Amino acid sequence: MAEHGPMSVIRKKYQKAKVIVTEATKSFVGLVKSGGKKVSPETLNKRLLICQSCEQFNGHTCKICKCRINWKAILEVSSCPIKKW
Ligand code: SF4
């Protein structure tokens, strides 16, 4: 049964915030561990093409993790939150 009312809104916002914090934490920890290692230009292009054709891409950021794709895709430690790359 679908939940309605203020608690439903709060729960949905909490779930979205949890995804953003989880992705940001993973990226930060990975970035520190990897020393900021970047992907090859070929891998970067592949990632950008996937994002550009993704329904979650809003032209600059990913609607799921809220990352700026140009910055996210270049780092080796980054990954797509729905495993597209
Ligand atoms: S990171 Fe993944 S979900 Fe986000 S825009 Fe790119 S392909 Fe889509």
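Start by selecting Lys 46, which sits in helix α2 (helices are DSSP runs of H or I with at least four residues, strands are runs of E with at least two, and both are numbered from the N terminus). What you have open is a predicted model, in which local features need pLDDT of at least 70, side-chain atom pairs count only at pLDDT 80 or more, and totals for chains, interfaces and linings use all residues. Residues are numbered from 1 along each chain as its sequence is written, and side-chain values use heavy atoms, with hydrogens and water left out.

Is Lys 46 buried or exposed? Its relative accessibility is 58%, so Lys 46 counts as exposed (exposed means over 50% relative accessible area, buried means under 20%, and partly exposed lies in between, using a 1.4 Å probe and protein chains only).

**Into the core**

Next, select Val 39, Leu 44, Leu 48, Cys 51, Cys 62, Cys 65, Cys 67, Ile 69, Ala 73, Cys 80 and Trp 85. These 11 residues are the largest nonpolar core (a set of buried Ala, Val, Leu, Ile, Met, Phe, Trp, Tyr and Cys residues joined through side-chain atoms within 4.5 Å). Which element gives this core its largest share? That is α2, with 3 residues.

Zoom in on Cys 51. Setting aside neighbours within four places in sequence, Cys 51 is in contact with Phe 57, Ile 69 and Trp 85 (contact means heavy atoms within 4.5 Å).

**The cavity**

The largest cavity has a volume of about 100 Å³ (grid points are joined across faces, edges and corners, and the volume is the space filled by probe spheres set on the points).

To find the spot, select Cys 51, Cys 54, Cys 62, Cys 80 and Trp 85, which are the closest to the cavity's centre among its 14 lining residues. Helices α2 (41-52) and α3 are the elements that give two or more residues to this lining. Colour the lining by class and you get 11 nonpolar, 1 polar and 2 charged residues (Ala, Val, Leu, Ile, Met, Phe, Trp, Tyr, Cys and Pro count as nonpolar, Asp, Glu, Lys and Arg as charged, and the others, Gly among them, as polar).

**Two charged pairs**

Now for the salt bridges: there are 2 (a side-chain nitrogen of Lys or Arg within 4 Å of a carboxyl oxygen of Asp or Glu).

Pick Glu 76 and Lys 37, whose closest N and O atoms are 3.9 Å apart in a salt bridge. Why does this pair tie together parts 39 residues apart in sequence? Because Glu 76 lies in the segment after α3, while Lys 37 is in the loop between α1 (6-34) and α2. Glu 76 is partly exposed at 40% relative accessibility, and Lys 37 is partly exposed at 47%.

Then pick Glu 55 and Lys 84, a salt bridge with its closest N and O atoms 3.3 Å apart. Glu 55 is in the loop between α2 and α3 and Lys 84 in the segment after α3, so this pair ties together parts 29 residues apart in sequence. Lys 84 is partly exposed, at 34% relative accessible area.

**Along the loop**

Move to Thr 61, in the loop between α2 and α3. With a relative accessible area of 17%, Thr 61 is buried. Beyond four places in sequence, the contacts of Thr 61 are Gln 56, Lys 66, Cys 67, Arg 68 and Ile 69.

Hop to Lys 66, in the loop between α2 and α3. Most residues other than glycine have a negative phi. Lys 66 is not a glycine, yet has a positive phi of about 70°. Lys 66 is partly exposed, at 46% relative accessible area.

**Last stops, after α3**

Lys 83, in the segment after α3, has a positive phi of about 60° although it is not a glycine. Lys 83 is exposed, with a relative accessible area of 70%.

Finish at Ser 79, in the segment after α3 (69-72). At 29% relative accessibility, Ser 79 is partly exposed. Not counting residues up to four places away in sequence, Ser 79 touches Glu 23, Lys 72 and Trp 85.

Definitions and conventions:
On a 1 Å grid over the protein atoms alone, a cavity is a set of points where a 1.4 Å probe fits but cannot get out, and a pocket is an open set with protein on both sides within 12 Å along at least five of seven lines; lining residues have an atom within 4 Å of a point.
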